[in-house]
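Biologist: Hello! I would like to learn how to read the contacts of aromatic rings in a structure. Could you guide me, please?

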Amino acid sequence: MKELLTRLRDQGLPTDRKYLFVIDGAKALRAAIEEVFGDDQPVQRCRNHKLENVMSELPKEQQDQTRNLMRAAWKVKTAEEGEKRLEQVARLLEHDHQSAARSLREGMKEMFTLQRLQIPVSLHKCLATTNIIESPHSGVRRRTHNVSRWRDSDMVQRWVASAWLLTEKHFRRIDGHENLWALAAILGRETITKKQEQVA
């Protein structure tokens, strides 16, 4: 994971800028972000992965209620209120399901990075999970899984590149794309606000 980030850095990606990293719970990836880009970068934990992790620690009859409570907590306006609600869920769980409560509390603050940065709610759907990258990866895997023998690295690159081009044809605009200018502004990028666009 660190190798991927250092390669991006070596290929010209600036490391002195502010980024929003959306990741699953991999500790190695979290550590690599801090080492390559610094420890003050905002990180949003994938909420879908968190749901899966917590549900895997619960009996089936307990899952629906817990899932609904977690999703409701993620919809609140402030990070503080969201964390408070998730902590209440964890307290409900810890008596009979300690591992689920522990999983829920792990990385809790980073589940509300979007609220803490005051990113527009319209962008939460695409930025709160890793789906935006996992979906095209799934498309590439689907188009390459029938290859049983890879002759060399050139063949791999050709097939993967072709698979990405085919997958790209099914891309759609992300929900809330009209507010990406706000994300850019929050991250300190030079951008034209809507008001400036109207004046121009």
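Modeller: Gladly! This is a predicted model. Let us begin with a charge and a ring: the charged end of Arg47 sits over the ring of Phe112, 5.8 Å from its centre.

Biologist: Which ring does the charged end of Arg189 sit over?

Modeller: That is the ring of Tyr19, with the charged end of Arg189 5.0 Å from the ring centre.

Biologist: And what describes a pair of aromatic rings?

Modeller: Two values do: the distance of the centres and the angle of the planes. Searching the whole structure gives 4 aromatic pairs. One of them joins Tyr19 and Phe37, with 5.5 Å centre to centre and 80° between the planes, an edge-to-face pair.

Biologist: Which parts does this pair tie together?

Modeller: Tyr19 is in the loop between helix H1 (2-10) and strand S1 (21-23), while Phe37 belongs to helix H2 (residues 27-37), so the pair links parts that are 18 residues apart in sequence.

Biologist: Is Tyr19 buried or exposed?

Modeller: Tyr19 is buried, at a relative accessible area of 14%. Phe37 is buried as well, at 5% relative accessibility. Tyr19 and Phe37 also form one aromatic cluster with Phe21.

Biologist: How is the pair of Trp150 and Trp159 arranged?

Modeller: Their ring centres are 6.3 Å apart and the planes stand at 90°; planes over 60 degrees apart count as edge-to-face, so this pair is edge-to-face. Trp150 is partly exposed, with a relative accessible area of 35%, and Trp159 is partly exposed at 40%.

How values were computed
Residues are numbered from 1 along each chain as its sequence is written. This is a predicted model: local features need pLDDT of at least 70, side-chain atom pairs count only at pLDDT 80 or more; totals for chains, interfaces and linings use all residues. Side-chain values use heavy atoms; hydrogens and water are left out. Rings of Phe, Tyr and Trp (its six-membered ring) pair if their centres lie within 6.5 Å; planes under 30 degrees apart count as stacked, over 60 as edge-to-face and the rest as tilted. Helices (H or I, at least four residues) and strands (E, at least two) are DSSP runs, numbered from the N terminus. Buried means under 20% relative accessible area, exposed over 50%, partly exposed in between (1.4 Å probe, protein chains only). A charge sits over a ring if NZ of Lys or CZ of Arg is within 6 Å of the ring centre and within 35 degrees of the ring normal.
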